[in-house]
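Subject: Structure for you to look at

Hello,

Here is the structure I said I would pass on. Please open it beside this message and follow along; my notes come after it.

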Amino acid sequence: MARPPRLLGVDPRAIGGLKDYYETTMLDANLAAGIAGRRSVFNLAVRGLRAHKVVGEKTMTDADGTWACSLVEPDNFLLNAGLEQLLAALLAWRIDEELLSFYASKGLAPATLRDLRENPRLDLTIEAIPEGVPVFGHEPVLSVEGTFERCQLPESLLLGILGYQTAVATEAARVRGILREAGRNVLTLEGGSRRAHPAAALSASRAALIGGFDGTSLEQLGVEYPDAAAAVGGSSGHSAVLHFGGDERAFDLQLRAYYRLAPEDGPEEIRRKIAAVRGVGPTFLIDTFDSAEGVETAIRVMKRYGVQSQIRNDSGDAAARARHIRSRLDAEGLPRARIMLSDELKPWRIHALMREGVPLDLLLMGTHLVNPYRLPGAVYKLAADEDPATGRLEPVCKLSKDAPGKGTLPGRLDVHRILGADGLAVRDEICARGESPRLERGESSLKLNQTVMVQGGLAADIPGLLEARENAKRHLALLRDEHTRFRGAVPYPVVVSETVRKTREAFAKR
């Protein structure tokens, strides 16, 4: 990209302190022990795809009270997002005097304060899977190399940035997958900035677009990414109807403002101005008082000016309301007027609307897009450590005898997506760095991880937002329908190479 990566919503002055305190005390301890400065590699991955996909909900009441229960299935995949902000955070890394004063008040050693003051850069080398690529369990989305202490310091930043954006992007991709399954051409809009902390709103909006959403209501996204300015839009709120005294006047004024109609404009001038404006026209929010009456009012206003724009319903039975709106629009000769649904939409509700064949043209999703059911649960673990006797990096991993599922994979790793003769993905193979995957006849491989940072400097062009969205569209298209469907998906195969498996066994014995 032509400009540096965008940080989005984070105060650069706070970057160095946005970490768990133990990430700093480990530096303090290593300096005290005289072992600081050894080279290490850390890998960031999820241990497995968890049951974080809500495919249905039910409310039950018993003697203990009312229970809200979610029916969950394992994620089909995680859509990688957040790499741009992660790199921006590392480039902006700083330890200022205010933070150093805090460390001194906590009793950290003078040697630790001196080290942080004299070595402000992290100087990390990073391999990463690009944004927009579906990833699976145990695959290192990020591999970070540097001194042990400098690799450890940004752990919380890395996990927080990637975890949140990946969760939102995955939810967005899930919604787009539901529409694709149904064969429906429905526009999807993100409108959750008021449902997230302002510092997270930009990241959520960005991740939703990477996941395939068509638009967002968040203005600042268009400032940060001018090439995505066309994706920013909005309509009006219930307050406008109340402020103007009712649906009729509010809709009429909304339409006149949209087309820049002056009070003195006659019929010919009105027709000329309306014809000159590109776009679908204003969106009439019909449920401030009564949805049925709101529909009739919106129809009168559209016919008065000879336009066919959009009607948005934000309450009641979504399926019933959409059917009623469509029947009235068609009966009044407005077949091109479009229907937008909102009101606490969730992927499983959208799935139900599609299965029922409900007529709709746009979906506006907010709360349950920017506040996903669960974050992916990624971990950031040591994968290789310098042997002080030989100076070589030796593979290590977390074995977790008491909880084998919490174990990790050792060493520098590559991830290969294996494509069949039809060009679609058949499995992923996690290999030792530089190792070639095992291919069957007719198969080819796509190496996913790339070098993005070398000793603290960018080593690759970071794709812009729209490019990342296209990357996601391209990579999602490589997955077979059986692995992406919303309900009852077949788990996508991920295999570990024999070399990695033997390395892990050797480390366990050691």
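In strand 7, L142 is the bridge partner of A128. That bridge belongs to the pairing of strand 5 (residues 125–128) with strand 7 (residues 142–147), which is antiparallel and runs over four bridges. Please keep in mind that this is a predicted model.

Where do these two strands sit in the sheet? They are part of an open sheet of seven strands, in the order 15-14-1-7-5-19-20, with antiparallel pairing. Strand 15 (393–395) and strand 20 (457–458) are at the edges with a single partner strand each, so one side of each has no neighbour in the sheet. As background, strands of a sheet pair through backbone hydrogen bonds, either parallel or antiparallel.

Helix 2 (residues 83–91) lies across strands 5, 7, 19 (450–454) and 20, and runs at about 20° to strand 19. Helix 6 also packs on the sheet, where it touches strand 1 (39–46), strand 7 and strand 14 (378–386). The direction of helix 6 makes about 140° with that of strand 14.

Next, the pockets. The largest pocket holds about 1200 Å³ of space. Its lining has 43 residues, and S217, G233, G234, S235 and L364 lie nearest the centre. By type, the lining of the largest pocket divides into 15 nonpolar, 19 polar and nine charged residues. Several elements each supply at least two residues of this lining, among them strand 8 (187–190), helix 10 (247–258) and strand 13 (362–365).

The second largest pocket has a volume of about 390 Å³. It is lined by 17 residues, with R176, R180, G212, K473 and L476 closest to its centre. Which helix gives the largest share of the lining of the second largest pocket? Helix 16 does, with five residues.

Last, the chain as a whole. Its secondary structure comes to 18 helices and 21 strands, and its C-alpha trace spans about 85 × 55 × 55 Å along the principal axes. Of the 510 residues in the chain, 50% are buried. Among contacts between residues at least 6 apart in sequence, 72% join residues at least 24 apart.

Regards

Methods. Residues numbered from 1 in each chain as written. Predicted model: local features only at pLDDT ≥ 70, side-chain atom pairs only at ≥ 80, totals over all residues. Heavy atoms only, no water. 1 Å grid on protein atoms, 1.4 Å probe; cavity = no way out; pocket = protein on both sides within 12 Å on 5 of 7 lines; lining within 4 Å. Points joined across faces, edges and corners; volume = space filled by probe spheres on them. Nonpolar A, V, L, I, M, F, W, Y, C, P; charged D, E, K, R; others polar. Pairing = 2+ DSSP bridges. Contact = heavy atoms within 4.5 Å. Axes fitted to C-alpha atoms, helices over the stretch in contact; angles between N-to-C directions. Buried < 20%, exposed > 50% of the residue type's maximum accessible area, 1.4 Å probe, protein only.
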